[in-house]
Amino acid sequence: VGLLQAMHASLSEPNLISYGSAIAALSMGGRIEEAMGLLGDMTSAGWAPNIRVYHVIVKRCAEHGRWDAAVHVLSWMKEAGLQPDLLAYTAAIEACAAAGQRDWTISLVDEVFNKEGG
């Protein structure tokens with residue numbers, strides 16, 4: 001995040017790679033709210049996060065027990081016009097299951113099967 005602030009200060013604009021790297025670093029460190037905030041900043045700045053950026057956040061949300069954030073990021077993916085794939089769904093499903101969120105787990109599994117036509 002400091003790097004992005006420094007880039008702004010030096011008139012060097014952050015790009016998809018710098019945003020993605022900062023989001024990955026924050027989420028790896030368990031700073032999920034900050035990573036999600038930066039994702040919002042990224043889209044506000046006109047950069048469209050790719051599926052890899054979303055994967056990183058969903059996976060780290062799951063690793064840090066943030067099932068609620070994982071589900072929220074999946075909805076952001078859909079709003080952005082990106083269809084969550086099996087990797088994203090799996091991470092969110094595992095997070096919900098580990099947290100005992102039975103209804104969310106079932107709902108996400110149903111989404112996967114309905115999406116896949118099975």
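**Note on helix packing in a predicted model**

1. Helix H2 makes a left-handed crossing where it passes H3; a crossing is called left-handed if the near helix is turned anticlockwise from the far one by less than a right angle, and right-handed if the turn is clockwise. Helices here are DSSP runs of H or I with at least four residues, strands are runs of E with at least two, and both are numbered from the N terminus.

2. The structure is a predicted model, in which local features need pLDDT of at least 70 and side-chain atom pairs count only at pLDDT 80 or more, while totals for chains, interfaces and linings use all residues. Residues are numbered from 1 along each chain as its sequence is written, and side-chain values use heavy atoms, with hydrogens and water left out.

3. The overall composition may be stated next. The protein has seven helices and zero strands, and from the N terminus on its elements run α-α-α-α-α-α-α. Of its 118 residues, 36% count as buried; buried means under 20% relative accessible area, exposed means over 50%, and partly exposed lies in between, with a 1.4 Å probe and protein chains only. Among contacts with a separation of 6 or more, 51% join residues 24 or more positions apart, where contact means heavy atoms within 4.5 Å.

4. Two packed helices are described by the angle between their axes and the distance between the axes. The axes are lines fitted to C-alpha atoms, for helices over the stretch in contact, and the angles run from 0 to 180 degrees between N-to-C directions. For H2 (residues 16-28) and H3 (residues 32-44), the axes come within 7 Å and cross at roughly 165°. H2 is therefore roughly antiparallel to H3; angles over 145 degrees count as roughly antiparallel, under 35 as roughly parallel, 65 to 115 as roughly perpendicular and the rest as oblique. On the H2 side, the contact is made by Leu16, Tyr19, Ala22, Ile23, Leu26 and Ser27, and on the H3 side by Ile32, Glu34, Ala35, Leu38, Leu39, Asp41 and Met42. By class, this contact of H2 with H3 has 10 nonpolar, one polar and two charged residues. Nonpolar covers Ala, Val, Leu, Ile, Met, Phe, Trp, Tyr, Cys and Pro, charged covers Asp, Glu, Lys and Arg, and the others, Gly among them, count as polar.

5. H2 also packs against H4, at an angle of about 5° and with the axes 9 Å apart. H2 is therefore roughly parallel to H4. H2 contributes Gly20, Ile23, Ala24, Ser27 and Met28 to the contact, and H4 contributes Val53, Val56, Ile57 and Arg60. The residues of this contact of H2 with H4 divide into six nonpolar, two polar and one charged.

6. Arg60 lies in helix H4 and is buried, because its relative accessible area is 17%. Leaving aside neighbours within four places in sequence, Arg60 is in contact with Ser27, Met28 and Ile32. His55 lies in helix H4 and is buried, with a relative accessible area of 17%. With neighbours within four places in sequence again left aside, His55 is in contact with Asp85, Leu87 and Ala88.

7. His64 lies in the loop between helix H4 (51-63) and helix H5 (67-79). At 38% relative accessibility, His64 counts as partly exposed. Not counting residues up to four places away in sequence, His64 touches Ser27, Met28, Gly29, Gly30 and Ile32. A polar atom of the His64 side chain lies 3.5 Å from the backbone nitrogen of Gly30. His64 and Arg31 are 33 residues apart in sequence, and their C-alpha atoms are 9.2 Å apart in space.

8. The remaining pair concerns H3 and H5, whose axes come within 12 Å and cross at roughly 10°. H3 is therefore roughly parallel to H5. The contact is made by Ile32, Met36 and Leu39 of H3 and by Ala69, His72, Val73 and Trp76 of H5. The residues of this contact of H3 with H5 divide into six nonpolar, one polar and no charged.

9. Met36 is found in helix H3 and is buried, with a relative accessible area of 8%. Not counting residues up to four places away in sequence, Met36 touches Ile57, Ala69, His72, Val73 and Trp76. Met36 and His72 are 36 residues apart along the chain, and their C-alpha atoms are separated by 9.6 Å.

Technical notes:
Polar contact = N/O pair within 3.5 Å; in protein donor to acceptor, adjacent residues only side chain to side chain.
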